Amino acid sequence: METTLRVLGDGLSIAALAIIAATAQGAWKRIPKGVAIPMQWGLDGKPIWRAPKAVGLLLIPVIAIAVLLSFTLTQATFTTDPVRATIIFLVRATIAASLALSQLFHLRFVIKTLQDEGQL
């Protein structure tokens, strides 16, 4: 059971990273060079601060890689305790889904904001 959960966790991590990478690549192609990427919005819906294109589009993918690979690199997933293996699997699944959704929502707001500003 522990091996199955480890493999499923790896699969979910890979799927989340694929979604994150694909959406970042699509946004990279769509957004012109030199356009500052909105990173945070105020209550009025206007951007509070912006980052260069590389930082704005690659921040979440880099964080996702570091976080999702840390489970394998620390060998936390290699356990013989079924309860611990289940907990680690559920944590990995939650983090993978949260990171993928963060990327999707961020890029949705980025594209909408840049379209409203006429920069796309």
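The structure holds three salt bridges, a salt bridge being a side-chain nitrogen of Lys or Arg within 4 Å of a carboxyl oxygen of Asp or Glu. This is a predicted model, where local features need pLDDT of at least 70 and side-chain atom pairs count only at pLDDT 80 or more, while totals for chains, interfaces and linings use all residues. Residues are numbered from 1 along each chain as its sequence is written, and side-chain values use heavy atoms, with hydrogens and water left out.

I start with R92 and D10, whose side chains meet at 2.6 Å, N to O. R92 lies in helix α3 and D10 in helix α1 (residues 2-30), so the pair ties together parts 82 residues apart in sequence. Helices (H or I, at least four residues) and strands (E, at least two) are DSSP runs, numbered from the N terminus. R92 is buried, at 2% relative accessibility, and D10 is partly exposed at 27%. Buried means under 20% relative accessible area, exposed over 50%, and partly exposed in between (1.4 Å probe, protein chains only).

Next, the side chains of R50 and E117 form a salt bridge at 2.3 Å, N to O. R50 sits in strand β2 (residues 47-51) and E117 in helix α3, 67 residues apart.

What about K112 and D116? Their side chains meet in a salt bridge at 3.1 Å, N to O. Both lie in helix α3, four residues apart, about one turn of the helix. K112 is partly exposed at 48% relative accessibility, whereas D116 is exposed at 58%.

Last, just after α3, G118 takes a positive phi of about 80°.
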